[in-house]
Amino acid sequence: MAEITSGESHKKQNAGVVKAKRLSTRVDLTPMVDLGFLLITFFIFTTTMSQPTAIKLIMPDDTGTAMPIKRDGALTLLPAVNGTIYYYEGNFEEADLKGTTLKEVRNVIIDKKRRTTSNDLFVIIKPSKASVYGDIVNVLDEMTINNVNRYAIVDITEKEEAFMK
């Protein structure tokens, strides 16, 4: 609350000059501080924290028939250790295996996408037991970034696993 205190001066005044009384004011800021803390508390409790984001991954059921894939449109990515990704086009037996990094896999996907029609492009992701979860998520992010609609996560074969070791 604000309170007004009056202080009278006992000094001798000069003749003919009448001075007005000066009143001093003192504002109590305790309620204002309380209100500030209440508002801060209210906004902290009502604020929505950041929600975790998830990748929408639609996995087919195993009851259907296998989807035919054109050999020319297939790109297989083999995530390995330390951010290395091996890739090949077509069949493993006939393919020329090449290696790249997570940073350069986007260029590989863009190049394959440029050389293949959108209906024929199919990316197969085959993580090994030595693959890191974060690398697979990064590869899935590249599918979303490059607008690759047809991709699948498949178990790696023994021949591919042996090559990666």
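**Close-up views of the predicted model**

Figure 1. Glu160 counts as buried because its relative accessible area is 1%, and the cut-off for a buried residue is under 20%. The model shown here and in the other figures is predicted. Glu160 forms a salt bridge with Lys126, and the closest N and O atoms of the two residues are 3.1 Å apart. Lys126 lies in the loop between E6 and H3, whereas Glu160 lies in helix H4 (residues 158-164), so the pair ties together parts that are 34 residues apart in sequence. Is Lys126 buried or exposed? Lys126 is buried, with a relative accessible area of 11%.

**Figure 2. A network of salt bridges that includes Lys112.** Salt bridges with shared partners join Glu89, Asp111, Lys112, Arg114 and Arg115 into one network. In general, side chains of opposite charge can pair when their charged atoms come close. In the protein, the count comes to 6 salt bridges. One of the pairs is formed by the side chains of Glu89 and Lys112, which meet at 3.2 Å, N to O. Glu89 is partly exposed, at 32% relative accessibility, whereas Lys112 is buried, at 1%.

Figure 3. Asp111 and Arg114 both lie in helix H2, at a separation of 3 residues, which is about one turn of the helix. The side chains of Asp111 and Arg114 meet in a salt bridge with an N to O distance of 3.1 Å. Arg114 has a relative accessible area of 61% and is exposed, because the cut-off for an exposed residue is over 50%.

Figure 4. Glu161 is found in helix H4. With a relative accessible area of 16%, Glu161 is buried, because a buried residue has a value under 20%. With which residues is Glu161 in contact when its neighbours within four places in sequence are left aside? Glu161 is then in contact with Ser128, Lys129 and Ile156.

Figure 5. Strand E3 (residues 74-79) pairs with E6 in the parallel sense over 4 bridges. Leu77 has Ile125 as its bridge partner in E6. E6 also pairs in the parallel sense with strand E7 (residues 151-153), over 3 bridges. In E7, Ile125 has Ile153 as its bridge partner. Between these two strands, the chain crosses from E6 through helix H3 (residues 133-145) to E7, and this β-α-β crossover is right-handed.

**Figure 6. An edge-to-face pair of aromatic rings.** In general, a pair of aromatic rings is described by the distance of the centres and the angle of the planes. The count for the protein comes to 1 aromatic pair. The rings of Phe42 and Phe43 have centres 5.4 Å apart and planes at 65°; the pair is therefore edge-to-face, because planes over 60 degrees apart are counted in this way. Phe42 is partly exposed, at 47% relative accessibility. Phe43 is likewise partly exposed, with a relative accessible area of 48%.

**Figure 7. The setting of the close-up views in the protein.** The secondary structure of the protein comes to 4 helices and 7 strands. From the N terminus on, these elements run β-β-α-β-β-β-α-β-α-β-α. What percentage of the 165 residues is buried? Buried residues make up 24% of the protein. The accessible surface comes to about 13100 Å², and 57% of this surface belongs to carbon and sulfur atoms. Of the contacts between residues at least 6 apart in sequence, 62% join residues at least 24 apart.

Definitions and conventions. Residues numbered from 1 in each chain as written. Predicted model: local features only at pLDDT ≥ 70, side-chain atom pairs only at ≥ 80, totals over all residues. Heavy atoms only, no water. Pairing = 2+ DSSP bridges. Right-handed = clockwise from strand over helix to strand, strands pointing away. Phe/Tyr/Trp six-rings, centres within 6.5 Å; stacked < 30°, edge-to-face > 60°. Buried < 20%, exposed > 50% of the residue type's maximum accessible area, 1.4 Å probe, protein only. Contact = heavy atoms within 4.5 Å. Areas by Shrake-Rupley, 256 points an atom, 1.4 Å probe, with all protein chains shown as cover. Salt bridge = Lys/Arg side-chain N within 4 Å of Asp/Glu carboxyl O.
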